[in-house]
Amino acid sequence: MQSIYAAAGGFPAILRLAAAWHERVLADEVVAHAFSHGYHPDHSRRLAAYWAEALGGPRTFTQSLGTESAVVAMHSGNGEHSEMDRRAIACFDQALADAGMADDPKLRQALHDYFAWATTTTMSRYPGSAADVPEDLSLPQWSWDGLIEPGAP
């Protein structure tokens with residue numbers, strides 16, 4: 001079966017989605033706070049590489065851009081932020097349309113499910129302190145059926 005990454009249109013499509021999401025969150029009065037201390041100048045491309053890898057694409061992110069532990073740590077130590085998470089997910093759903101990915105219901109649902117899961121679990125797992133994040137986390141893989149457990153065939 002084709003990966004979500006391939007079904008979405010590969011890296012160009014995932015990059016469009018990342019750029020559309022980034023534009024939407026910067027315009028959102030609540031979610032924009034997460035970027036108020038600055039962000040990498042190539043944030044959308046790095047985010048696209050991260051999502052691409054999680055969705056069955058090339059391992060560009062972990063081979064040359066960063067680690068899962070560093071990403072999770074960057075999102076940690078900020079306390080509970082369920083309203084921000086909810087709004088970030090809403091921005092993602094709108095970005096799917098902006099990036100031309102809302103017409104295929106199965107793809108749209110798979111991407112929504114991945115982003116909502118990642119936002120409310122992986123990126124929210126350590127609200128107390130970034131120091132709580134283990135140094136050896138693996139970037140989670142997502143398929144049409146959801147999370148691929150490590151070591152699964």
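In helix 3, the buried residues are His 43, Ser 44, Leu 47, Ala 48, Ala 49, Tyr 50, Trp 51, Ala 52, Glu 53 and Ala 54. The model is a predicted one. Helix 3 is mostly covered, with 10 of its 12 residues buried. The helix runs over residues 43-54. Its length can be checked: at 1.5 Å a residue, helix 3 should span 16 Å, and its end C-alpha atoms are 16 Å apart, so the two values agree. After helix 3 comes Gly 56, which has a positive phi, near 100 degrees.

**Glu 53**

Glu 53 is placed in helix 3. Its relative accessibility is 2%, so Glu 53 counts as buried, the cut-off being under 20%. Its side chain makes a polar contact of 2.6 Å with the side chain of Thr 62. Residues up to four places away in sequence aside, Glu 53 touches Pro 58, Arg 59, Thr 60, Phe 61, Thr 62, Leu 139 and Gln 141.

Gln 141 belongs to strand 1, residues 141-143. A polar atom of the Gln 141 side chain lies 3.2 Å from the backbone oxygen of Leu 139. With neighbours within four places in sequence left aside, Gln 141 is in contact with Glu 53, Ala 54, Arg 59, Gly 146, Leu 147 and Ile 148.

Ile 148 lies in strand 2, residues 146-148. Residues up to four places away in sequence are again not counted: Ile 148 touches Gln 141, Trp 142 and Ser 143. Ile 148 and Leu 111 are 37 residues apart in sequence, and their C-alpha atoms are 14 Å apart in space.

**Accessibility**

The table collects values for selected residues.

| Residue | Relative accessibility | Class |
|---|---|---|
| Phe 35 | 13% | buried |
| Gln 141 | 18% | buried |
| Arg 24 | 30% | partly exposed |
| Ile 148 | 34% | partly exposed |
| Tyr 39 | 41% | partly exposed |

Why does Gln 141 count as buried? Its relative accessibility is 18%, and buried means under 20%, so Gln 141 falls in that class.

Trp 51 is one of the buried residues of helix 3. Not counting residues up to four places away in sequence, Trp 51 touches Ile 14, Leu 17, Ala 18, Trp 21, Phe 92, Tyr 114 and Phe 115.

Which residues have the most contacts inside the largest nonpolar core? They are Trp 21, Trp 51, Leu 55 and Met 101, in a core of 45 residues. Two or more residues of this core come from each of helix 1 (4-8), helix 2, helix 3, helix 5 (68-74), helix 6 (82-98) and helix 7 (105-120). Helix 7 gives the most, with eight residues.

**Aromatic rings**

There are 10 aromatic pairs in the structure. One of them is Phe 35 with Tyr 39: the centres are 5.6 Å apart, the planes are at 85 degrees, and the pair is edge-to-face. Within this pair, Phe 35 is buried, whereas Tyr 39 is partly exposed. One aromatic cluster is formed by Trp 21, Phe 35, Tyr 39, Trp 51, Phe 92 and Phe 115.

Another ring carries a charge. The charged end of Lys 106 sits over the ring of Trp 144, 4.9 Å from the ring centre.

**Helix 2**

Helix 2 covers residues 10-27. Its 18 residues should span 26 Å at 1.5 Å a residue; the end C-alpha atoms are 26 Å apart, so this helix also agrees with expectation. Its buried residues are Gly 10, Ala 13, Ile 14, Leu 17, Ala 18, Ala 20, Trp 21, His 22 and Val 25. Helix 1, helix 3, helix 6 and helix 7 are among what covers them.

Arg 24 is found in helix 2. Is Arg 24 buried or partly exposed? Its relative accessible area is 30%, so Arg 24 is partly exposed. Neighbours within four places in sequence aside, Arg 24 is in contact with Cys 91, Gln 94, Ala 95 and Asp 98. Arg 24 and Ala 88 are 64 residues apart in sequence, yet 8.7 Å apart in space, C-alpha to C-alpha.

Technical notes: Residues numbered from 1 in each chain as written. Predicted model: local features only at pLDDT ≥ 70, side-chain atom pairs only at ≥ 80, totals over all residues. Heavy atoms only, no water. Helix = DSSP H or I, 4+ residues; strand = E, 2+ residues; numbered from the N terminus. Expected span 1.5 Å × (residues − 1). Buried < 20%, exposed > 50% of the residue type's maximum accessible area, 1.4 Å probe, protein only. Phe/Tyr/Trp six-rings, centres within 6.5 Å; stacked < 30°, edge-to-face > 60°. Lys NZ or Arg CZ within 6 Å of the ring centre and 35° of its normal. Polar contact = N/O pair within 3.5 Å; in protein donor to acceptor, adjacent residues only side chain to side chain. Contact = heavy atoms within 4.5 Å. Core = buried A, V, L, I, M, F, W, Y, C linked by side-chain atoms within 4.5 Å.
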